[in-house]
Amino acid sequence: REAALQTARESRSPMGRVLMQGIEVMYQDRETLETVLVHAVEEEVRELSRYLQTLATVANIAPLLGLLGTVIGMIKAFMVIQEMGGKVNAGVLAGGIWEAMLTTALGLAVALPAMVAHSYLSARVDRYEARLQTGTVGFIKRLASLREN
């Protein structure tokens, strides 16, 4: 037990930390062992995904900020039209329209990579969680076979 505990401690990986907690209670009843392992996996997944919500928020807010800039740019363009009494050439309107289009583009330029990164990282966390769960099931099975012998 001590050698396994030392190996798990030295691995410094999420699986090592999960197994370390399982090894610490391996001689207790199966329900306690399973509860500890489930909690350890959830803790590791929570740690691995701690910034995903922030990334999702950035991806969701960026297009809205771009839209806000678009609205502000269009308001400026219409204010110019009003100030000039409706007799405006395209060059005078270009500033407000340019600002509107730029903010839209910037909002999308931030949102699209953030959405891709969020999707990619969420999938990686999901795969890692599956590997942690598979490892803990293997640990429980191995422990059960050792108890039988």
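A: Let us begin with one side chain and its surroundings. Leaving out residues up to four places away in sequence, Glu44 touches Pro14, Arg17, Val18 and Leu132. Please keep in mind throughout that this is a predicted model.

Q: In which helix is Glu44 found?

A: Glu44 belongs to helix H3, which covers residues 30-48.

Q: Is Glu44 buried or exposed?

A: The general idea is to compare the relative accessible area with a cut-off: under 20% a residue is called buried. Glu44 has a relative accessibility of 7%, so it counts as buried.

Q: Which side chain forms a polar contact with that of Glu44?

A: For such a contact one looks for a pair of N or O atoms within 3.5 Å. Here the side chains of Glu44 and Arg17 are joined by a polar contact of 2.8 Å. Arg17 is also among the residues that Glu44 touches.

Q: How far apart are Leu37 and Ile140 in sequence and in space?

A: One sets the separation along the chain beside the distance between C-alpha atoms. Leu37 and Ile140 are 103 residues apart in sequence, while their C-alpha atoms are 9.3 Å apart in space. For the protein, among contacts between residues at least 6 apart in sequence, 68% join residues at least 24 apart.

Q: What does Thr136 touch?

A: Thr136 has its place in helix H5, residues 90-148. With residues up to four places away in sequence not counted, Thr136 touches Val18, Leu37 and Val41. Its relative accessible area is 8%, and Thr136 is therefore buried.

Q: Where are Ala4 and Gln6 found, and how does one read their accessibility?

A: Both residues take us to another helix. Ala4 is found in helix H1, residues 2-11, and Gln6 is in helix H1 as well. Between the cut-offs of 20% and 50%, a residue is described as partly exposed. Ala4, with a relative accessible area of 38%, is partly exposed; Gln6, with 36%, is also partly exposed.

Q: How many helices and strands does the protein have?

A: The protein has 5 helices and 0 strands, and from the N terminus its elements run α-α-α-α-α. The radius of gyration is 28 Å, well over the 15 Å that the globule rule gives for 149 residues, so the protein is more spread out than a compact globule. Along the principal axes, the C-alpha trace spans about 95 × 25 × 15 Å.

Q: What can be said of burial, surface and charge for the protein?

A: Each is read as a total. Buried residues account for 26% of the 149 residues. The accessible surface is about 10,000 Å², and 63% of this belongs to carbon and sulfur atoms. There are 15 positive and 15 negative side chains, and the centres of these two sets lie 6 Å apart.

Conventions
Residues are numbered from 1 along each chain as its sequence is written. This is a predicted model: local features need pLDDT of at least 70, side-chain atom pairs count only at pLDDT 80 or more; totals for chains, interfaces and linings use all residues. Side-chain values use heavy atoms; hydrogens and water are left out. Helices (H or I, at least four residues) and strands (E, at least two) are DSSP runs, numbered from the N terminus. The radius of gyration is taken over C-alpha atoms; the globule rule is 2.2 Å times the number of residues to the power 0.38. Buried means under 20% relative accessible area, exposed over 50%, partly exposed in between (1.4 Å probe, protein chains only). Contact means heavy atoms within 4.5 Å. Accessible areas come from the Shrake-Rupley method with a 1.4 Å probe; for residues, only the protein chains shown count as cover. Lys and Arg count as positive and Asp and Glu as negative; His and the chain ends are not counted. The place of a charge is taken as NZ of Lys, CZ of Arg, CG of Asp or CD of Glu. A polar contact is a pair of N or O atoms within 3.5 Å; within protein, one must be able to donate a hydrogen and the other to accept it, and residues adjacent in sequence count only if both atoms are side-chain atoms.
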